[in-house]
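Student: Could you show me how to read a few features of a protein model?
Tutor: Gladly, let us look at one together.

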Amino acid sequence: MRIVSGMRPTGRLHLGHYFGVLRNFLKLQEEGNRCFYFVADWHALTTSYKNSEELKKNTEHMMRMWLGVGLSPKKSTLFIQSLVKEHSELSLLLSMITPKSWLEWNPTYKDLKYNLLRISELSKELKERVGESLKNFLPSLNLKVHKPQKFQEFMLEKFTSSLIDALFEGLIEGETLRELNTSKKQYYEIDTFGFLGYPVLQTADIIVYKGEGVPVGEDQLPHIELSREIVRRFNRLYGKTFPEPRAILTESPKLLGFDGRKMSKSYKNAIYLDEEEESLRKKVMAFFTDPQKLRRGDPGRPNLCPVFSYHRLLTPKEKTLQIEEDCKKGILGCVDCKKIFLNSLKNFLEPIKERYERVSPSYAWEVFKEGSLKAREVAGKTLEEVREKMNLP
Ligand code: SF4
């Protein structure tokens, strides 16, 4: 089966990336599928176009880490999205046939719009309240104001947007905003054409290789459905050209960070695949456990403990069963349990780190550039067919 999937290079890779994505990449590769795996640098720009100075560094890290975990250029086509221009050409052509409403109904976009609406409602509310206070406050400053109305509007705007920023920074909070995900401070910044249209680019990424299977988590299903819709429309308009890609639902355990929240770079709670030994120890020892288990003698609830979810993934099965039993009986203390966890983690991470360090940046670039040329050959053939079907020269 032809498998296509990409990952956005947005920073160092952590355990969540490994167990959520890379483990599946490896499995599909080893099962003998024809896999096209790409570093989705264009997709990274949809949300972080303002920080593009990190993009090359992140791409390099991702390439080295992919090779470090065992993805092989002999078995899979490994490449960089922006080096295969055919993705963008196909994306442009697909954008001609994709109704705008399909994109506006995409849950990620709807979510963004909803949050923007809430923020603008809040701004309005704040402006009204702050406006009253400013009327009284400004005369007390004893300043010579040239254009009072304009000055007041200026101050109001600045003050309100500072309040919103303070909210995103977690410096203040308000009842009305609890429902917003305040870790996403770029809400304003990603209301762009690129963000709205990224499912079209995503579709092009898949079908330019006539991809049949796309490994995804459940949250990605609406995107695959949208890709299938676009493919159906294309095939209807111009004749059967593309297979409808299928989602390959992959098991991706929701890994928790050491603070008990979802593991994420933005929460600063992640364990990186190239984590230094000392910081690894500190993070493991700081891990949340079952809050009811305060001391060794207390019986614990391993099913509710983030540390135990890692034992399931990393500690040998027999030992994990023993930990479960001893925790429930209260024989095992959390500190000792974390020491076993640390050991399992080291055994898992050390070979990855070793291989990662052995992959020089220049070798990684060489492999991925070569992979990009191979990808272009396949993508180029698809584009020839597409141009012909759409009556382009
Ligand atoms: S003993 Fe281990 S599994 Fe049990 S609560 Fe403590 S850390 Fe979690």
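This is a predicted model: local features need pLDDT of at least 70, side-chain atom pairs count only at pLDDT 80 or more; totals for chains, interfaces and linings use all residues.

Tutor: Residues are numbered from 1 along each chain as its sequence is written, and side-chain values use heavy atoms, with hydrogens and water left out.

Student: How many cavities of 30 Å³ or more does the structure hold?
Tutor: On a 1 Å grid over the protein atoms alone, a cavity is a set of points where a 1.4 Å probe fits but cannot get out, and lining residues have an atom within 4 Å of a point. Grid points are joined across faces, edges and corners, and the volume is the space filled by probe spheres set on the points. Here there are 2 cavities of 30 Å³ or more. The largest cavity holds about 110 Å³ of space; K293, C305, C327, C334 and C337 are the closest to its centre among 13 lining residues.

Student: And which residues line the second largest cavity?
Tutor: They are E275, E277, L280, K346, L349, E350 and K353, around a volume of about 50 Å³. Helix 14 gives the most to this lining, with 4 residues; helices are DSSP runs of H or I, at least four residues, and strands are runs of E, at least two, numbered from the N terminus.

Student: Is D274 buried or exposed?
Tutor: Buried means under 20% relative accessible area, exposed over 50%, and partly exposed in between, with a 1.4 Å probe and protein chains only. D274 counts as buried because its relative accessibility is 14%. D274 is found in the loop between strand 5 (246-249) and helix 11 (277-285).

Student: What does D274 touch?
Tutor: Contact means heavy atoms within 4.5 Å. Leaving aside neighbours within four places in sequence, D274 is in contact with R12, H61, M65, K353 and Y356. K353 also belongs to the lining of the second largest cavity.

Student: How much space lies in the second largest pocket?
Tutor: A pocket is an open set of points with protein on both sides within 12 Å along at least five of seven lines. The second largest pocket has about 350 Å³ of space, and S91, F193, G194, G197 and Y198 lie nearest its centre.
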